[in-house]
Amino acid sequence: MSQHGHQRRAHELGCDLFITHEPTFWEHRAAEQRLRVVEPGLTKQRFLDETGMVVLRVHDIWDNWPEVGIRDSWAKGLGLTAFLGEDETRWHALYAIEETTLREFAQYVALKVQVLGQDSVQVIGDPDMRVSRPALGVGCGGPDTDMIDRGADVLIVCFDGASYWQARQRFSELGVGVITVEHGTSEMWGLENLARYLSETFPSLTVHYLDLHARPWTVMA
């Protein structure tokens, strides 16, 4: 379901504030005018005008919020607990795992993300290469050579944050494995934790977590 679908469901639940991690009108910078004036932006704007619903975007500050933000929630959901280091912005982090093959680790990640509605992951690299130091980031702000320089041998990235030719192919040529998931997959645990955090911090609020993001599904030839 689209963000508009989330907003409609929030309205049905009686919500007057909609908190989102990504832009309402598909542009990272305000005032999001280019796609607001064409469909489906027009329908979304009309709905917000009619209901008076307030939209609050919580992005970068929640990306690297300790323990319950996007990055740390993503790592915890994947079972990565042996923290080895991070970059200066705290967007990227490196972890230790028991040495295994890239194929086996990718299968492990795929199994973990099934609960989020993603039925597969895409992998670049020798399936039999040995890996023991995965790195990940905050949704589409995924790890780059900063983590490779720190010893990462497999990077977990998102499709819309790591293009094939500019990022993933370059990582592969540096000798690391690359596991790719959808943007939403990497952030939903962090948003679930945001809802929990708001409920605990502001007990007078009624908070609903809406897990209605679009799920990708895979067709094999």
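## Asp211 and its partner

Let's start with Asp211, which is partly exposed, with a relative accessible area of 28% (partly exposed is what lies between buried, under 20% relative accessible area, and exposed, over 50%, using a 1.4 Å probe and protein chains only). Asp211 pairs with Arg215 in a salt bridge, and their closest N and O atoms are 3.2 Å apart. Arg215 is partly exposed as well, at 33% relative accessible area.

This is a predicted model, so local features need pLDDT of at least 70 and side-chain atom pairs count only at pLDDT 80 or more, while totals for chains, interfaces and linings use all residues. Residues are numbered from 1 along each chain as its sequence is written, and side-chain values use heavy atoms, leaving out hydrogens and water.

How many salt bridges does the structure hold? There are eleven, each being a side-chain nitrogen of Lys or Arg within 4 Å of a carboxyl oxygen of Asp or Glu. Side chains of opposite charge can pair when their charged atoms come close. Some of these bridges share partners, and that joins Arg71, Asp72, Glu86 and Arg90 into one network.

## A pair within a helix

Arg9 and Glu12 also make a salt bridge, with the closest N and O atoms 3.2 Å apart. Both sit in helix H1 (residues 3–12), and because they are three residues apart there, about one helical turn separates them. (Helices are DSSP runs of type H or I with at least four residues, strands are E runs with at least two, and both are numbered from the N terminus.) Arg9 is partly exposed at 35% relative accessible area, whereas Glu12 is exposed at 59%.

## A pair across the sequence

Then there's Glu22, which forms a salt bridge with Arg57; here the closest N and O atoms are 3.5 Å apart. Glu22 lies in the loop between strand E1 (17–20) and helix H2 (41–51), and Arg57 is in strand E2 (residues 54–57), so the pair ties together parts that are 35 residues apart in sequence. Is Glu22 buried or exposed? Glu22 is buried, with a relative accessible area of 19%, while Arg57 counts as partly exposed at 29%.

## A nonpolar patch

On the surface, Leu17, Ile19, Val54 and Leu56 form a nonpolar patch, with about 300 Å² of accessible area together. (Patches take residues with over 30% relative accessible area and no salt bridge, joining like charges within 9 Å and nonpolar side chains, Val, Leu, Ile, Met, Phe, Trp or Tyr, within 5 Å; areas come from the Shrake-Rupley method with a 1.4 Å probe, and for residues only the protein chains shown count as cover.)

Strands E1 and E2 each supply at least two residues of this patch. Leu17 belongs to E1 and counts as partly exposed, at 40% relative accessibility.
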